[in-house]
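Here's a quick briefing on two ligands and the spaces around them. Have a look at the model first, then read on.

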Amino acid sequence: MARILTGIQSSGSSGEVHLGNILGAIKPGIALSKQQDHEAFFFIADLHSLTTVKDAAVRKKNTYAVAAAWLAFGFDTDKNVFYKQSDVPEVCELTWYLNCHTPFPMLANAHSFKDKSENLSDVNAGLFDYPVLMACDILLYDAEMVPVGKDQKQHLEMTRDIASSFNHLYGETFVIPEPLIDEKVMVIPGTDGRKMSKTYNNYLNIFLAEKKLRKAVMKIETDSTPLEEPKDPESCNVFALYKLIASNEQIAEMRQNYEGGNYGYGHAKQALFELLLDTFAEERKRYNEFMENPELIDQKLEEGARKASKIAKEVLGRVRKKLGYTTAL
Ligand code: ADP
Ligand code: TRP
């Protein structure tokens, strides 16, 4: 069995999972988990969310939202392991150990830290240390493959570097994970054209109630080309999002609409909104069922935490031994 592992943060302002998470992580992750010789560890990175979310109620809501999204897209929690990062606190202990094996300049050069520290007012030490906690998420479970979006490539490189240098110093301890980055899944753009991210507040949450989802779609930034004039689909945020989920025929038709003129951005937004409702109708229904019955989610996460803890304890035992934190016996 090949072990694959990935996590999604429970950050965002009010229970948010966005299209970038779904197309970049959830859908490809679930497809991989369905392969016969794969065992998937998928978790909710609720400790990472503490770097940006300070409100406990918001985190809790987000945690359920992320869990419900995995479940709505059909993740099989019997065959695999589905858990909350904070339910296996061994990861914090390992983070300390690996903090002391991570060169300061490696973290100082992280793109995501540079990006986030420019965009956030609260630049805390957790944000700086984020990649080490992420490395520990992976190494604590002997994960072999880590499906992530392109934006996480550097974090995976850091994980491999930290693990290799530890292995070099103490002898074989950690499995060196391989990133699985699907080049076809590009970085999903947000409503302002930057990377869609909870951090930038430029995301589309496809599980929103219809009215709110429509409002979010209508807010996508566009230029001010008048309705009558032809428009360039390639430079338009609405088209970029439409293209991700539409069929080839729908894309060709939309391109014609743009280039033909007399087609406004409002029309394109309405078409995108309808396509989102249509494409994700089943998932939206299942998501709501889980959100209305959070005890079903708790039950699955508790079971997952039990499975995950067992492995975490074994791996951490291995590390403690290497570091001399065990008795002679
Ligand atoms: P955010 O940037 O919104 O905080 P997360 O860090 O929680 O998102 O991302 C969780 C997963 O979703 C990761 O695997 C990440 O690569 C993927 N992901 C997030 N945003 C995008 C995006 N815009 N395009 C593609 N994948 C994304
Ligand atoms: N840092 C990832 C992100 O922002 C989320 C994450 C946390 C993760 N721990 C992980 C992804 C371990 C893969 C493996 O997208």
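What follows covers the ligands, the pocket and the cavity.

This is a predicted model, where local features need pLDDT of at least 70, side-chain atom pairs count only at pLDDT 80 or more, and totals for chains, interfaces and linings use all residues. Residues are numbered from 1 along each chain as its sequence is written, chains are lettered from A and ligands numbered from 1 in the order written, and side-chain values use heavy atoms, leaving out hydrogens and water.

**Ligand 1**

- Ligand 1 has 19 residues around it, and H18, D151, I188, S197 and K198 come nearest; a residue counts as near if one of its heavy atoms lies within 4 Å.
- Polar contacts here are pairs of N or O atoms within 3.5 Å. The side chain of H18 has an N or O atom 2.7 Å from an oxygen atom of ligand 1, and for the side chain of D151 the distance to an oxygen atom of the ligand is 2.9 Å.
- On its own, ligand 1 exposes 540 Å², and the protein buries 97% of that (Shrake-Rupley areas with a 1.4 Å probe).
- Strand 1 (2–9) and helix 1 (19–33) are the elements that give two or more residues to the shell around ligand 1, and helix 1 gives the most, with 4 residues. Helices are DSSP runs of H or I with at least four residues, strands are runs of E with at least two, and both are numbered from the N terminus.
- The shell around ligand 1 splits into 7 nonpolar, 9 polar and 3 charged residues. In this scheme Ala, Val, Leu, Ile, Met, Phe, Trp, Tyr, Cys and Pro are nonpolar, Asp, Glu, Lys and Arg are charged, and the others, Gly among them, are polar.

**Ligand 2**

- Of the 14 residues around ligand 2, the nearest are G7, Y130, M134, D137 and Q152.
- A nitrogen atom of ligand 2 is 2.6 Å from a side-chain N or O atom of D137. For Y130, a polar side-chain atom lies 2.7 Å from a nitrogen atom of the ligand, and for the side chain of Q152 the N or O distance to a ligand nitrogen is 3.1 Å.
- Strand 1, strand 2 (38–45) and helix 6 (125–139) each put at least two residues into the shell around ligand 2, which has 8 nonpolar, 5 polar and 1 charged residues.

**The largest pocket**

- Ligand 2 sits in the largest pocket, meaning more than half of its atoms lie within 2 Å of the pocket's grid points.
- A pocket is an open set of points on a 1 Å grid over the protein atoms alone, with protein on both sides within 12 Å along at least five of seven lines, and lining residues have an atom within 4 Å of a point.
- About 860 Å³ of space lies in this pocket, a volume being the space filled by probe spheres set on grid points joined across faces, edges and corners.
- Its lining has 42 residues, with N21, Y130, D151, Q152 and K195 nearest the centre; strand 1 gives the most, with 5 residues.

**The largest cavity**

- A cavity is a set of grid points where a 1.4 Å probe fits but cannot get out, and the largest one holds about 30 Å³.
- S112, F113, K116, L127, F128, Y130 and P131 line the largest cavity, and helix 6 gives the most, with 4 residues.

Conventions: A polar contact is a pair of N or O atoms within 3.5 Å; within protein, one must be able to donate a hydrogen and the other to accept it, and residues adjacent in sequence count only if both atoms are side-chain atoms.
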